[in-house]
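Here is a friendly note to read alongside the model. Please keep the structure open as you go through the points.

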Amino acid sequence: MPSPLLSIRDLRTWFYTEGGIAKAVDGVSFDVGAGETVGIVGESGCGKSVTALSILRLIQPPGRIESGSVIEFEGKNLATLDDDEMRRIRGNRISMIFQEPMSALNPVFTVGDQVAEVARIHAGLGRRKAWDLAVETLALTGIPAPEDRAKQYPHQLSGGMRQRVLIAMALIMKPALVIADEPTTALDVTIQAQILDLLVNLQKEFGTSILMITHDLGVVAETTSRVIVMYAGEIVEQASVTELFARPHHPYTEGLMHSMPHIGHDQERLNVIPGTVPAPTNWPTGCRFADRCPYSWDLTLHDHPPLYDVGAGHISRCHLAKEPERRNQPHPPLVVEEGVDAA
Amino acid sequence: MNTAAGSSQPAANNPLLSVRNLKKEFPIKKGVFSRQVGAVKAVNDVSFDVAHGETLGVVGESGCGKTTTGRTILRLLEPTSGEIRFEGRDVRAMGTSELRAIRREMQIIFQDPVSSLNPRMTVGAIIREGLTIHKLAEGSAADARVSQLLREVGLRPEYANRYPHEFSGGQRQRIGIARALSVEPKFIVCDEPVSALDVSVQAQVINLLEDLQRDHNLTYMFIAHDLSVVEHIADRVAVMYLGKIVELASADDLYREPLMPYTQALLSAVPVADPKARKQRILLSGDVPSPANPPSGCVFHPRCHHPAKDAACTKIVPPLEEKEPGHFVHCIKQTPTTVSWEQQKAAGGVHPPERYLPLAAVHA
Amino acid sequence: MATEVARPRESPLGITVRGLLRQRSSRVALILLGVIVLIGLLAPLLAPYDPAAQPDIVGLKSLPPSLAHPFGTDPYSRDVLSRVLYGARLSLTIGILATFVSLTVGVAYGSVAGYLGGVVDGVMMRVLDALLSIPRLLLLLGVLVAWPHLSIGALILFLGLTGWFGLSRIVRGQVLALKHAEFVTAAQALGASRRRILVKHLLPNLVSPIAVAATLGVAHVIVLEAGLSFLGIGVPQPLASWGNIIQDGVDQIATLWWMSFFPGLFMVLTVLTLNILGEALRDSYERRS
């Protein structure tokens, strides 16, 4: 078993705010293998974006990566690496694609310049060579007439094109890992299809690993081979993509899947996960999903569940692994009081 | 739920809302004196009916004109031309007081939970405003009504004293819904009401909207870009592209048999939450053209994948015609069509119309 | 297990005040300003002497600070401390009232222009541009030289009427932006009249820039009035304002140092604290938007 490209152990990123310490990422561990596409799925506030930013050490105060966190990549622990070395890795060995293409691009430089700059910084290429490489990379992302487009400014391009520019910037140095943080959420559905298709093809061609962060289970199903589900700052389930969709174990994953309308599957009423995520400054001591869970019982309220092994390569942070018969005794979640409760 | 009700022809069955040839243009101004040099045809000759009690879904991507259509119908934006009839009454001809009165009956829910609530007003004041404007209730009667509305949307009545920023996105949407309900409307334009919310919160709000529709006999025009949400909630769906309705059919028919090539591409692009369904995808080339300069003839022709596409498509503007009962499509190449082969040949057509329905577009 | 909002009730005003109090500089400024305002209010009780009294024209002329006269006496044998205290009263009053005039005119002009838009807005803005091109000080000088013996009321009016230009621009900009906010559209959809939208939706959201402009405006007027009084065309004798106290000692400015030092100190403190508060308000409002 070849050693993983990225190995995260007990990552904790905490934010020291006036209202208390927000433990946005609270003990996350996972691996990403070479050439693998791993998805991290979860809703807002679960900690997936903070995890991504932590890998690249882009966390600003009052946030801090707590000591003891290990982010192992190519033989180094990124969590403790000094700034200069970290800068050599960003954009070069690990790069990131952001959600909002317009805010990620500098409006006063041409897109060609911005892509070329990455090569100038990391490969020390001269202007001419860097520009040529930038145009080449833009061509790879499917932008028509790249030599002309490279001379344009971000505002002259559509959303889909800008995202392709970001992808070019992320790939120009042929990094080992690309972190894509909701890369298609801000795009129209037909453009999203193009971009996802592009990412999958480029990944096959370059052998890059992709860490795909999204809230869209459809995107995950189509692009990833392994899925991590996050909730309340921790990993609650992890499995291969086929295993996760066929046999979701954690009630949150189940609930999420059933609350999405699917074309062609007529549902009278969408399943709902009542209540809201607890505040990150005050995680419950037991299972963090217990108050919204239809299967909870007193053990879950007091005992924080570890990650149980529930199948081949399938782990789930749920005490149902210990007492599976409780799944046959669903009840209204604790959070539902007098029907007057809402997210 | 009337699934067969409504059509885009003037209905014998008294639609609640009837829109004919609606156009909304935004002038493009240039120069020191702001001369008009062109126009963005945001809504370009749109016609449809909405029957009592139905939910008409309107889908399309950014720039297609769906939001503008919703606002123009309510005269939040003044239409450039066209006819809007609400229960037979001509909305465009109404003066200020008539318009104010009819605003009780036609309401709107917005997409952005943050900007749609006045940050300086308490939740109670926000919901009470409609009651005050239309003199429906005052003082403690108004307070009681506000409490009732809050409860109805799933919020605690004590929240009336709080400010919007103290609530989550989903809760703010509920406040917006309570506000719309306060004046007891018959018709609500839901302008992307769940797009800004998390998946699990979306489900809650969608269920709420469905419950309210049933309890209050509401009619919805549900605007969204998420096709799965629209299929779930809508009875009939209109697909818009560059300011035009390019397909109009019942939700079942649309998703089972999308006849407009754009709809086919749109449906095939939706990611399916099933890893085993590795499907064929129709990938559209290029980007959506600008509504300031729409293509000639059929607005979709530059990106169309229909095998019979030819020069006729660049010259003839297709009518929105009935290809199957209750199923209207904007395409001269999908059979049957009233645009005769002779007409098409005269415009340079070389491929006769044929029915084309790729598997990739169909969701079983 | 809390699923509902657990934070205490917080109005936008409460948030602003808390934000202000959080920084030490604003806390100190607020206290200092409070002291000065209190002094102004209580001047008749605090002043040891009548500010216009000249009990001993020869014996009490131009005396340096002493126990009997902690701020010394002026060339007209009047107690400087009492004059400075009364000066606080007058300068602050002029500052506040003139700013009030500016605010009223500025907000009205700016919100009408912004709300009506189109040609009306265009015309109003061009008029404003013309007015803005005249330097405020010169305008005031021109008026005051033409009518040299103005009452305090007229002075306040002129100061106010020359100080609204900048604020109206800001207000207009805010109104233009707010006009398109969705909550305004929502109000229209409910059937709200234009007047209602202006008063209930737009104006309350203008409070922040208005508060900032008011605070900084008062500081500015105080400085202006001091300057005009110093030139002899502001507050008339025998009334005391910080500016004309300095004026009284200008002939022997080096020897009669207390004539510039004490009023100057008060002025600096007042203007400084107002500026600190104004900037803090602006920061907190800009951070939130």
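The numbered points below go from one chain as a whole to its parts and then to the chain contacts.

1. A word on conventions. This is a predicted model, in which local features need pLDDT of at least 70 and side-chain atom pairs count only at pLDDT 80 or more, while totals for chains, interfaces and linings use all residues. Residues are numbered from 1 along each chain as its sequence is written, and chains are lettered from A and ligands numbered from 1 in the order in which they are written.

2. Chain A overall. Chain A has 12 helices and 13 strands (DSSP runs of H or I with at least four residues, and of E with at least two, numbered from the N terminus). Its C-alpha trace spans about 65 × 50 × 45 Å along the principal axes.

3. Inside chain A. Buried residues make up 52% of the 343 residues in chain A (buried means that 20 or more other C-beta atoms, placed from the backbone, lie within 10 Å of the residue's own).

4. A strand pair in chain B. Strand E6 (residues 106–109) of chain B points Met106(B) and Ile108(B) one way and Gln107(B) and Ile109(B) the other, and all are buried. E6(B) pairs with strand E7 (residues 187–191) of chain B in the parallel sense over four bridges (pairing needs at least two DSSP bridges). Opposite Ile109(B) stands Cys190(B) in E7(B).

5. Two helices in chain B. In H3(B), Val123(B), Ile126(B), Ile127(B) and Gly130(B) meet Ile175(B), Ala178(B) and Arg179(B) in H5(B) (contact means C-beta atoms, placed from the backbone, within 7 Å). By class, this contact of H3(B) with H5(B) has five nonpolar, one polar and one charged residues (Ala, Val, Leu, Ile, Met, Phe, Trp, Tyr, Cys and Pro are nonpolar; Asp, Glu, Lys and Arg charged; the others, Gly among them, polar).

6. Chain B with chain A. The contact takes 41 residues from each of chain B and chain A. H6(B) gives the most to chain B's side, with seven residues. That side divides into 19 nonpolar, 12 polar and 10 charged residues.

7. Chain C with chain B. Here 20 residues of chain C are in contact with 25 residues of chain B. Helix H8 (residues 182–190) of chain C supplies the largest share of chain C's side, eight residues.

Key: A residue is buried if 20 or more other C-beta atoms lie within 10 Å of its own, exposed if 12 or fewer, and partly exposed in between; C-beta atoms are placed from the backbone.
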